[in-house]
Amino acid sequence: MSETAASISAETKTEATPDVAVLMDTRAQLYGMLARLFREEIDLATLRELQSMRFPASTGNAQVDEGYHQLFEYLRRAWDDSVTELAIDYVSTFIGHGVNGYSAAYPYESVYTSERRLLMQKARAEVLATLRENELKRGTWNEAEDHIALELEFMQRMALRCAEALRDDAEDEAIAYVRTSYDFLENHLLNWVPMLVTDMRLHARTLFYQGLGQLLLGSITEDEAVLRELLDSVA
């Protein structure tokens, strides 16, 4: 990784630069998949697509491996009616039926970073400001900006922009996107996702959503190390 990371340097352009662009494409694909799975319930088309995917057996990250293993175990036994089971579990896991902030794994950063576990708090305002700074909007989806799916989509978009900048030889711009991604991980996702995943373990009933939580936590932890190494290489 160190040689690949060094290739992003604005001072040293090497043949490895396309490898970093490919890395960014891979990161974007993963973040996009995670965002889709947290955004809404699984429909039949998505279930079929997931069943056709090949998950890695060993990535070097125990949490990622466990997440993929649990997803695989669920998907290999799933059939058409599993869509209903997953829809019920999605509601139970992320929406719940209680009236307080402890009845589900609520997918909003504000719930986990505000004193009274309320929606639309400081975290939402901070994420909204970050989106505006990067000329992004949440679209027509009617959820607060600090929803986990939107935060993951932000990471996806930064990875895609970084890959495009690298291919355009705009290395300073690419470094800025890496730095923005790292800061967002540190200040937002890593600040609350561990607590979200803990609640997912409590409320999810299917291996699918248990595995999704593990995959999310392992992925952002691993990504933090990757981005830090890239930034260290250009310091």
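Trainee: Leaving aside neighbours within four places in sequence, which residues are in contact with Q214?

Mentor: The model is predicted, so read each value as computed from it. Contact here means heavy atoms within 4.5 Å. Beyond the four places on either side in sequence, Q214 touches Q63, V64, E66, G67, Q70, V197 and R201.

Trainee: Where is Q214 found, and is Q214 buried or exposed?

Mentor: Q214 is part of helix α10. Its relative accessibility is 13%. The cut-off for buried is under 20%, so Q214 counts as buried.

Trainee: How far apart are the C-alpha atoms of Q214 and V197?

Mentor: V197 is among the residues in contact with Q214. Along the chain, 17 residues separate the pair. Between their C-alpha atoms the separation is 7.1 Å.

Trainee: How many helices and how many strands does the protein chain have?

Mentor: Read the elements from the N terminus: α-α-α-α-α-α-α-α-α-α. The count for the protein chain is 10 helices and 0 strands.

Trainee: What share of the residues in the protein chain is buried?

Mentor: The accessible surface of the chain is about 11,800 Å², and carbon and sulfur atoms hold 49% of that surface. The chain has 235 residues. The buried share of them is 52%.

Trainee: What share of the contacts with a separation of 6 or more joins residues 24 or more positions apart?

Mentor: Take the contacts in the protein chain with a separation of 6 or more. Those between residues 24 or more positions apart make up 68%.

Trainee: How do α4 and α10 lie to each other, roughly parallel or roughly antiparallel?

Mentor: The axes of α4 and α10 (residues 207–234) are 7 Å apart, at an angle of about 155 degrees. Angles over 145 count as roughly antiparallel. The relation of α4 to α10 is therefore roughly antiparallel.

Trainee: Is the crossing of α4 and α10 left-handed or right-handed, and how do the residues of the contact divide?

Mentor: The crossing of α4 and α10 is left-handed. Residues making the contact include Y68 and L71 of α4, with Q214 and L215 of α10. For the contact of α4 with α10, the division is 10 nonpolar, 9 polar and 2 charged.

Trainee: Why does Y68 count as buried, and which residues beyond four places in sequence does it contact?

Mentor: Y68 sits in helix α4 (residues 62–75). Y68 counts as buried because its relative accessibility is 12%. Leaving aside neighbours within four places in sequence, Y68 is in contact with L30, F55, P56, T59 and L215.

Trainee: How far apart are the C-alpha atoms of Y68 and R54?

Mentor: The two residues are 14 residues apart along the chain. Their C-alpha atoms are separated by 9.7 Å.

Trainee: How do α9 and α10 lie to each other, and how do the residues of their contact divide?

Mentor: The axes of α9 and α10 cross at roughly 155 degrees and come within 9 Å. The two helices are therefore roughly antiparallel. Their crossing is left-handed. The residues of the contact of α9 with α10 divide into 20 nonpolar, 5 polar and 6 charged.

Trainee: Where is V22, and how far apart are the C-alpha atoms of V22 and L166?

Mentor: V22 is placed in helix α2 (residues 17–39). At 46% relative accessibility, V22 is partly exposed. V22 and L166 are 144 residues apart along the chain. The C-alpha separation is 9.8 Å.

Trainee: What is the phi of E135?

Mentor: Most residues other than glycine have a negative phi. E135 lies in the loop between α7 (122–133) and α8 (148–167). E135 counts as exposed at 71% relative accessibility. E135 is not a glycine, yet its phi is positive, at about 55 degrees.

Trainee: Where is D169, and what is its phi?

Mentor: D169 is in the loop between α8 and α9 (171–203). D169 is partly exposed, with a relative accessible area of 48%. Although D169 is not a glycine, its phi is positive, at about 60 degrees.

Definitions and conventions: Residues are numbered from 1 along each chain as its sequence is written. This is a predicted model: local features need pLDDT of at least 70, side-chain atom pairs count only at pLDDT 80 or more; totals for chains, interfaces and linings use all residues. Side-chain values use heavy atoms; hydrogens and water are left out. Helices (H or I, at least four residues) and strands (E, at least two) are DSSP runs, numbered from the N terminus. Buried means under 20% relative accessible area, exposed over 50%, partly exposed in between (1.4 Å probe, protein chains only). Accessible areas come from the Shrake-Rupley method with a 1.4 Å probe; for residues, only the protein chains shown count as cover. Axes are lines fitted to C-alpha atoms, for helices over the stretch in contact, and angles run from 0 to 180 degrees between N-to-C directions. Angles under 35 degrees count as roughly parallel, over 145 as roughly antiparallel, 65 to 115 as roughly perpendicular and the rest as oblique. A crossing is left-handed if the near helix is turned anticlockwise from the far one by less than a right angle, and right-handed if clockwise. Ala, Val, Leu, Ile, Met, Phe, Trp, Tyr, Cys and Pro count as nonpolar, Asp, Glu, Lys and Arg as charged, and the others, Gly among them, as polar.
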